[in-house]
Amino acid sequence: MVRLKSRYILFEILFPPTNSNVEETMSKVDLLLSHHRASPADVSIKSIVQEIRRSLSLNLGDYGSAKCSSLLQVKYFSNRTSTGIIRCHREDCDLVIMTLMLMSKIGDVGELIVNPVKVSGTIKKIEQFAMRRNSKILNLIKSGQSSRFGDNDFAVNDLRNIDNTNENEIENEND
Amino acid sequence: MLVDLNVPWPQNSYADKVTSQAINNLTKTLTTMHILGYTHIAINFTVNHSEKFPKDIKMLNPIHIKERFGVLMANTGLKLYSRITLIIDDPSKGQSLSKISQAFDIVAALPISEKGLTLSTTNLDIDLLTFQYGSRLPTFLKHKSICSCVNRGVKLEIVYGYALRDVQARRQFVSNVRSVIRSSRSRGIVIGSGATSPLECRNILGVTSLIKNLGLPSDKCSKAMGELASLVLLNGRLRNKSHKQTIVAGGGDEGEDDVVNDVQGIDDIQTIKVVKRTMDPAQLGHASKRHKP
Amino acid sequence: MGGKTFKEWQYFKLSITSFDEDIDNVHVIDQMTWRQWLNNALKRSYGIFGEGVEYSFLHVEDKLAYIRVNHADKDTFSSSISTYISTDELVGSPLTVTILQECSSLNLLDITDHDRIWLKRAVSEEEEEYCKCT
């Protein structure tokens with residue numbers, strides 16, 4: 001039985017601190033939190049797809065972009081966690097990842113890094129990986145946070161947001 | 001274990017002063033690298049071969065890793081090394097490498113002319129060979145010279161930061177990398193970032209797929225950032241901290257000549273201690289015929 | 001040890017034409033124009049990564065050219081030049097290229113007698129280059 005073989009790419013958008021000053025005394029947790037931020041509203045599924053197509057046609061030309069675009073869609077993207085899932089053909093997976101790497105801005109939002117984290121053949125495995133990864137990061141933050149609780153308001157709010165969206169994600173997938 | 005051998009040090013020559021803002025930028029770049037999963041990073045000081053080098057051995061290495069980045073290393077667990085890249089134009093103007101290579105962990109060469117390339121591939125005692133991927137290669141690369149270079153133990157470095165700058169640089173980058181991969185027959189290739197700002201750092205998945213599209217087989221890609229790169233680090237370290245790649249030879253009798261634990265006299269300046277012992281002919285056995293007392 | 005030889009280069013024999021006899025007779029196509037045409041073709045079909053495909057001219061004679069391409073990129077090269085029609089900017093009318101011959105060894109190239117000079121030179125250069133490392 002011949003099936004359509006596709007690949008799902010889990011990616012996240014990182015915002016490295018280019019403007020603010022990084023002090024040497026910042027701990028691992030602080031660094032993690034400063035990189036992972038919620039994306040601005042300009043970054044949406046539509047703008048990401050537009051940017052990917054534009055980057056494909058610039059870097060790979062007519063043939064390359066047409067090859068990848070035939071089954072290219074952003075299945076999921078959440079502004080709060082800045083993570084998303086892209087679907088593409090199994091053979092074009094490398095081309096799409098390369099394009100993600102060469103993107104430097106999305107729409108008008110600059111200064112970001114698109115970071116492909118996991119590639120898998122089924123969307124279920126991607127979701128499981130995403131949940132495991134999130135809980136690992138949360139544990140890291142909680143254990144690092146306990147000694148400096150209350151110092152950094154922004155960090156505490158982010159923690160609650162991640163918890164909420166995790167629950168939402170699980171609910172949506174089970175629908 | 002992910003290794004990145006090329007994070008540029010923001011100083012172009014010994015005469016330039018380093019601003020604190022530049023150091024801050026470098027720290028930011030290092031932290032972004034850490035978030036992306038890199039464990040070992042080498043900070044690269046690029047300088048012209050024909051420039052006047054300071055006489056004092058302490059002044060040769062302006063990076064001062066322990067002072068500037070000690071706290072960062074302790075917080076994140078990153079391991080930092082220092083590297084020097086010599087821009088080689090005209091071989092007759094340069095000076096010898098022995099003093100320079102003692103002050104840095106890794107030594108690299110960046111030829112920008114044909115003569116420089118022949119010098120680097122044949123004579124120089126270096127660990128890495130790089131090129132300026134944003135502009136044209138000095139000559140058409142022949143795999144006779146490049147292959148002999150790789151067989152000697154020198155690795156070739158691909159710097160992917162150029163592909164992220166502007167379109168013109170990207171074009172040159174693509175054709176130069178294709179040349180390098182073809183002439184080296186995909187052997188001895190190491191990948192570095194050359195990231196001057198935190199925005200030019202990329203994940204291993206992205207870098208691997210970029211280089212895979214340019215012709216390097218995928219298993220070599222992942223080795224390029226892991227095994228081969230750590231081999232370069234090891235090689236560089238051994239050059240300084242060992243005598244002809246020997247770290248410790250022999251154990252000695254208890255209480256007498258403990259070569260292994262005798263670390264007196266070894267510190268950051270005097271990095272190796274050469275101990276020679278003559279052996280009792282009875283212990284040597286058959287080898288005593290060759291041994292000259 | 002037996003086994004397949006490592007093929008490094010692919011050789012192409014190309015002819016360029018505008019399908020219009022008058023224009024063909026007037027214009028002489030030099031290596032510069034060839035290079036421009038090929039770059040445009042690769043850029044259109046394959047973008048930046050296509051432009052970076054390595055190729056070199058063995059010999060150019062007006063509308064006939066012998067080109068050497070990296071073996072791994074031969075499909076990219078042949079498909080992009082077969083599907084590209086240039087616009088007026090090069091010689092004032094559209095040009096297309098036909099692939100007359102494609103082979104992986106210099107000795108098999110179809111050439112006329114007076115081409116043997118550069119062919120011999122190319123063959124000897126290649127042998128000099130060849131080294132035992134794979």
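Two strands count as paired when DSSP finds at least two bridges between them. With that in mind, welcome to this predicted model, for which the predictor gives the complex an ipTM of 0.77 and a pTM of 0.78.

**The sheet of chain B**

Let us start with chain B, where seven strands build an open sheet with parallel pairing. Their order is β1-β2-β3-β4-β5-β6-β7. Strands β1 (3-8) and β7 (189-192) of chain B lie at the edges with a single partner strand each, so one side of each has no neighbour in the sheet. The partner of β7(B) shown here is strand β6 (residues 155-159) of chain B: four bridges join the two, which run parallel. Within this pair, L156(B) sits opposite I189(B) of β7(B).

**Where chain B meets chain C**

Moving on to the contact between chains, 16 residues of chain B touch 11 residues of chain C. On the chain B side, α5 (143-152) and α6 (167-183) are the elements that give two or more residues. The largest share, eight residues, comes from α6(B).

**Confidence in chain C**

Chain C has a mean pLDDT of 75, and 75% of its residues reach 70 or more.

Notes:
Residues numbered from 1 in each chain as written. Chains lettered and ligands numbered in written order. Predicted model: local features only at pLDDT ≥ 70, side-chain atom pairs only at ≥ 80, totals over all residues. pLDDT = per-residue confidence, 0-100. Contact = placed C-beta atoms within 7 Å.
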